Amino acid sequence: MVKICCIGAGYVGGPTMAVIALKCPSIEVAVVDIATARISAWNSDQLPIYEPGLDDVVKQCRGKNLFFSTEIEKHVTEADIVFVSVNTPTKTQGLGAGKAADLTYWESAARLIADVSKSAKIVVEKSTVPVKTAEAIEKILTHNSINKGIEFQILSNPEFLAEGTAIKDLFNPDRVLIGGRETPGGFKAIQTLKEVYAHWVPEDRIICTNLWSAELSKLAANAFLAQRISSVNAMSALCEATGANVSEVSYAIGKDTRIGPKFLNASVGFGGSCFQKDILNLVYICECNGLPEVANYWKQVIKINDYQKERFVNRIVASMFNTISGKKIAILGFAFKKDTGDTRETPAIDVCRGLLADKARLCIYDPQVSETQIDKDLNMMKYSWEHPVLLKPVSPTALKQVSVVWDPYDATKDAHGICFLTEWDSFKELDFQRIYDHMEKPAYVFDGRNIVDPEKLRQIGFIVYSLGKPLDP
Ligand code: NAD
């Protein structure tokens, strides 16, 4: 029986390995992590991450051919294929701070593999890493196991799943990308991994490339996706200035088959653990390779994203007579997108901080995010990528102005305004007449996701600001 071990039981390691276990009953899959609480959660009924369909997949194979464990050495030693799916955040100190990827976790995983391996292994980069990381890993593996005569093959197999649709994406991926060395050993390793995916992925969707193309493709894909969001967000500002409607513009341009309709929704900005970090990583690689103009091009994507959040906060303050001091604002949605409880780099953090800086009172509701998590997010030091400094968290006095509730109607009661920051489907079903009746007047809606029908809400009596759409007459 082929044995797979995945180091890192996070948003990627957990779901990807669960799907491999489900689709390949003949393969034994162990997912290991240093975080004991996370592993306990994977072994319980309360999985550590919320992802539609994940519970069902885990239940079907956990304990049969899928195991979650903290016995890292044991499972790495026994494995034929070791996936590394650890976090690769942005460095916050030293050379490259604010841009370069922090490969500390990656390196310690690679050193562990070198130390405990007793037989040949295929080591698969699942994490998103800078192009050329495989070369560094090869060095660590070969130098540390030089006397053991063990052959390691490194593959790059970046993950393209999106949180919120991870299981759907894994069951039916647009493509699976496998990069390897162009040597007989490299080709054999690619073939072995290809056979794993071939259990359910059609052959024409499995793309094999050289190592560097695979590593760079992941960064490029995220950069292109984020760029599309910043492009439409930049248009939303122009729409507001000119009377055009961004939804109509998006529809019109999306009908061009060269552009296509997906990922053209204006919003308060992209978030999540990947887009910003991966673009910064790309920027750093460009700078290191003497390509400052290319670096500047990609930086602009993040600048527009920051601008969009700032613009949104400014619009709220300006609309409410230039002062929100002491006013209650309901924040509906805190996760960085719908169908996930993940709040990493969510635009909600910046928007809330901006509103608190102007002394608003915030009442936050998100169906999947706890008070503890929100408190942690508002309390943490934030890193400024542009000027590598740590930004102070929200002050303790301002934090006292934040409450978190489990009911959207509690959040909106007596509020002066509502901000939609996550596009949860349930928000579309809210009883807006009931909400209007119990709000302060004038009652404002600031739609950062364009999920409500502005005309319907205006008929009730709300003053509505929708990103990129004509303002109230
Ligand atoms: P995560 O933080 O949810 O999970 C990483 C896990 O690795 C953590 O549980 C951590 O405890 C564990 N870990 C770190 N060092 C370890 C070590 N030495 N030994 C054992 N475990 C260790 O991160 P994630 O969201 O799953 O992302 C993982 C990688 O995949 C990142 O490089 C990310 O950029 C990439 N990626 C993420 C997504 C996404 O949507 N989250 C999508 C595609 C790619």
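**View 1. Strand β7 is covered on both faces.** On one side sit Val176, Ile178 and Gly180, on the other Leu177 and Gly179, and all are buried. Buried means that 20 or more other C-beta atoms, placed from the backbone, lie within 10 Å of the residue's own; exposed means 12 or fewer, and partly exposed lies in between. Five of the five residues of β7 (residues 176-180) are buried, so the strand is largely enclosed by the rest of the structure. In a regular strand, side chains alternate between the two faces of the sheet. This is a predicted model: local features need pLDDT of at least 70, side-chain atom pairs count only at pLDDT 80 or more, and totals for chains, interfaces and linings use all residues. Residues are numbered from 1 along each chain as its sequence is written. Strands (E, at least two residues) and helices (H or I, at least four) are DSSP runs, numbered from the N terminus.

**View 2. Strand β7 pairs with β6 and with β8.** Pairing requires at least two DSSP bridges between two strands. With β6 (residues 152-156), β7 pairs in the antiparallel sense over two bridges. Ser156 stands opposite Gly179 in β7. With β8 (residues 206-210), β7 pairs in the parallel sense over five bridges. Here Ile178 stands opposite Cys208 in β8. From β7 the chain crosses through helix α8 (residues 184-197) to β8, a right-handed β-α-β crossover. Right-handed means that, with the strands pointing away from the viewer, the path from the first strand over the helix to the second runs clockwise.

**View 3. Helix α14 has buried and exposed residues.** In α14 (residues 371-379), Ile374, Asp377 and Leu378 are buried. Seen down the helix axis, the buried residues fall within an arc of 95 degrees, so they line one face of α14. That arc is taken from the directions from the helix axis to the C-beta atoms. Thr372, Lys376 and Asn379 are exposed on the other side of α14. The buried residues of α14 pack against α13 (347-357), β10 (361-365), α15 (396-399) and β13 (402-404).

**View 4. Ile324 lies in a loop.** The loop runs between α12 (292-319) and β9 (328-332). Ile324 is buried, with 25 other C-beta atoms within 10 Å. Leaving aside neighbours within four places in sequence, Ile324 has contacts that include Ile316, Ile329, Leu355 and Asp358. Contact means C-beta atoms, placed from the backbone, within 7 Å. Ile324 and Arg361 are 37 residues apart in sequence and 8.3 Å apart in space, C-alpha to C-alpha.

Notes:
Two residues are in contact if their C-beta atoms, placed from the backbone, lie within 7 Å.
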